[in-house]
Amino acid sequence: ASRDVCISTIHAAKGLEWPVVFTARWNEDLLPMQPQKVEELRQDGQLVRRLPDDSERQERIEEERRLAHVAATRAQRRLVLTYLRSFSSEKKKAAEISSIPLPE
């Protein structure tokens with residue numbers, strides 16, 4: 001039996017499977033990630049950053065859900081999810097487990 005360890009990103013894991021998969025930081029705002037600012041190039045050539053609109057935010061959340069599904073379905077026998085209870089930089093703010101439902 002092989003005792004090798006493979007460390008992979010979720011993107012690189014598409015189409016692959018392992019007997020046991022660990023997915024770290026299964027927390028809200030980490031998986032799915034909090035929507036990042038969108039960069040736009042204005043007509044005057046200036047690059048501006050803005051918050052995503054509702055449709056861009058929804059599209060980002062759907063992509064995060066697809067990635068979470070990929071992560072959760074790479075395990076052949078056992079899936080281990082880890083999550084943070086709190087963020088050290090914000091000790092008073094409790095971390096939440098991701099709202100993404102696990103595939104059956």
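Modeller: Start with the word pocket. On a 1 Å grid over the protein atoms alone, a pocket is an open set of points where a 1.4 Å probe fits, with protein on both sides within 12 Å along at least five of seven lines, while a cavity is a set of points where the probe fits but cannot get out; lining residues have an atom within 4 Å of a point. Grid points are joined across faces, edges and corners, and the volume is the space filled by probe spheres set on the points. By that rule, the largest pocket has a volume of about 770 Å³. Its lining has 27 residues, and C6, I7, S8, V21 and F22 are the closest to the centre.

Biologist: What kind of model is this?

Modeller: A predicted one: local features need pLDDT of at least 70, side-chain atom pairs count only at pLDDT 80 or more, and totals for chains, interfaces and linings use all residues. Residues are numbered from 1 along each chain as its sequence is written, and side-chain values use heavy atoms, with hydrogens and water left out.

Biologist: How do you know how many helices and strands the chain has?

Modeller: Helices (H or I, at least four residues) and strands (E, at least two) are DSSP runs, numbered from the N terminus. On that count, the chain has one helix and six strands. Their order from the N terminus is β-β-β-α-β-β-β.

Biologist: Which element supplies the largest share of the lining of the largest pocket?

Modeller: Strand β1 does, with six residues. Both β1 and α1 (54-72) supply at least two.

Biologist: What makes a lining residue nonpolar, polar or charged?

Modeller: Ala, Val, Leu, Ile, Met, Phe, Trp, Tyr, Cys and Pro count as nonpolar; Asp, Glu, Lys and Arg as charged; the others, Gly among them, as polar. Sorted this way, the lining of the largest pocket has 16 nonpolar, five polar and six charged residues.

Biologist: Now N27. Why is N27 called buried?

Modeller: Buried means under 20% relative accessible area, exposed means over 50%, and partly exposed is in between (1.4 Å probe, protein chains only). N27 has 0%, so N27 is buried. Its place is the loop between β1 (18-23) and β2 (38-41). A polar atom of its side chain lies 2.8 Å from the backbone nitrogen of L84.

Biologist: Is L31 buried or exposed?

Modeller: Buried, because its relative accessibility is 7%, under the 20% cut-off. L31 is also in the loop between β1 and β2.

Biologist: What does L31 touch?

Modeller: Contact means heavy atoms within 4.5 Å. Leaving aside neighbours within four places in sequence, L31 is in contact with I10, R25, W26, E64, A68, S98 and I100. L31 and E64 are 33 residues apart along the chain, yet their C-alpha atoms are separated by 6.6 Å.

Biologist: Why is R25 called partly exposed?

Modeller: Its relative accessible area is 45%, so R25 falls between 20% and 50%. R25 lies in the loop between β1 and β2. Its phi is near 60°, a positive value in a residue other than glycine.

Key:
Polar contact = N/O pair within 3.5 Å; in protein donor to acceptor, adjacent residues only side chain to side chain.
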